[in-house]
Amino acid sequence: MTQLLFLFRRATAIALVLGALGLVVTVVSIWKSYALQADHQADGKRRFHERIRDGVGREVQFASPGDPPGIVRAAVNSVDNFIFKRSGIKFSGATKDRLAEMEQRALNGETKRLTISELNHILTATAFERLGTLTDEEILHIDDTLRGFNSPDLPSKLRRRDILLPGRVVAIPKDRFVDQLKAVREQTRTDLGDVLRGDTHRAIEDTVQKRVSALSEAVPEKFGGVWNVAGNRDGGSGVTPLQALLIAYSAATTDLLCDSEANLNKYMMDMQKGRTRHLGENFPSPEGHHAFGVNGYLVSSPLDVIFDERTVNRMLDHIEGRSAS
Amino acid sequence: MRKQVQVALLLFVLGIGACTGTQTCRISGLTHGQAYWYSYVDADGNTHSGDFTAEGSTFDITGVDDSVDCSSVDVGYYLMAYNEA
């Protein structure tokens with residue numbers, strides 16, 4: 001009996017030791033897995049920032065306080081070219097003239113720069129106004145473009161596509177999306193409009209925050225001080241009208257402003273290979289297509305509707321209103 | 001209270017993430033700037049497929065049928081030659 005008790009105690013002790021060892025091994029494995037994941041995330045972020053420097057960092061030149069009008073106009077042209085090469089959208093001469101004047105005044109301190117909070121309010125007001133004036137045709141076009149790049153030779157597996165928005169996709173059939181967007185358009189003119197405006201503001205705030213946070217970290221020589229990344233709050237330096245326009249474009253298109261023109265083309269070629277491999281069917285070539293904007297090869301968005309001359313000038317009106325105060 | 005009802009009404013109107021019979025599947029552990037593909041089959045047997053670029057560590061697929069098991073959503077990343085070097 002005593003021997004049995006001894007054996008039982010010994011077996012229990014061995015089981016406890018093995019259990020403890022197992023626990024240690026599990027904890028170490030989990031810790032290593034988290035550490036590896038954190039390394040992978042940090043490495044991914046570093047490469048992401050390199051790509052932003054290669055894109056907006058290399059291809060956009062902003063003017064500095066005291067620069068003559070010619071330099072300021074060249075800065076406006078560099079943003080216009082950058083947006084055009086990526087999305088096919090080009091601003092009129094009159095809009096560029098206006099933007100250059102506004103930029104000059106902001107750089108000279110005659111008008112104040114916008115805080116990120118002010119920029120969010122401006123983008124919300126502009127988006128909300130545009131939402132209320134959408135035609136039925138434009139709503140159909142929005143549905144069509146948000147469902148991604150389209151081409152007659154698109155693989156059959158991509159026939160049923162979801163709506164792609166910043167940070168998420170929405171699985172919703174065309175008729176329901178169109179009906180709901182029409183209903184939302186009507187709501188902008190009712191009491192529900194205030195709630196809708198709040199919802200729009202939150203969505204814009206979230207997207208803008210992600211953009212300015214990445215830009216502040218990746219290209220501090222261009223966006224330094226705009227966002228306090230460590231504190232996750234407004235950095236206090238504010239943005240000029242030209243910076244505001246570029247951030248608005250980025251938020252409207254889900255263009256993260258990565259990659260130079262040459263590297264963006266390489267990226268699209270890589271995407272073609274990747275999509276072909278994944279789908280098991282040939283994916284159409286990116287040749288002749290822009291990466292972003294209407295039927296964008298990487299991300300398609302209704303830029304012709306939400307970033308048209310009239311809407312951009314409405315946004316500039318709002319910027320002028322805020323900058324003067 | 002009125003505000004709450006309005007929010008509920010608005011979410012109903014928008015039908016985004018708040019519809020009966022649908023759910024949001026969250027994909028996590030993503031890497032900034034990396035291009036991913038996703039794919040899943042809905043209750044009617046239709047395959048939903050698409051891609052996106054991660055802007056954070058998570059990405060949501062909203063409006064997914066309740067009957068779909070979120071863990072069955074297939075996700076992978078594209079191997080990009082030029083920026084992996």
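How many bridges join strand 2 of chain A to strand 4 of chain B? There are three, and the two strands run parallel.

This is a predicted model, where local features need pLDDT of at least 70, side-chain atom pairs count only at pLDDT 80 or more, and totals for chains, interfaces and linings use all residues. Residues are numbered from 1 along each chain as its sequence is written, with chains lettered from A and ligands numbered from 1 in the order in which they are written.

**View 1. Strand 2 of chain A beside strand 4 (residues 59-65) of chain B.** Here V170(A) stands opposite T62(B), which sits in strand 4 of chain B. Strands pair if DSSP finds at least two bridges between them; helices (H or I, at least four residues) and strands (E, at least two) are DSSP runs, numbered from the N terminus.

**View 2. The side of chain A that touches chain B.** In total, 40 residues of chain A are in contact with 37 of chain B (contact: C-beta atoms, placed from the backbone, within 7 Å). Helix 1 of chain A gives the most to this side, eight residues. Helix 1 (2-59), strand 2 (168-170), helix 6 (174-187), helix 7 (192-218) and helix 10 (261-279) each supply at least two.

**View 3. Confidence along chain B.** Within chain B, strand 1 (residues 22-27) comes out highest, at 93, while helix 1 (residues 2-14) is lowest, at a mean of 39. Over residues 1-18 of chain B, pLDDT stays under 50.

How values were computed
pLDDT is the predictor's confidence in each residue, from 0 to 100. Two residues are in contact if their C-beta atoms, placed from the backbone, lie within 7 Å.
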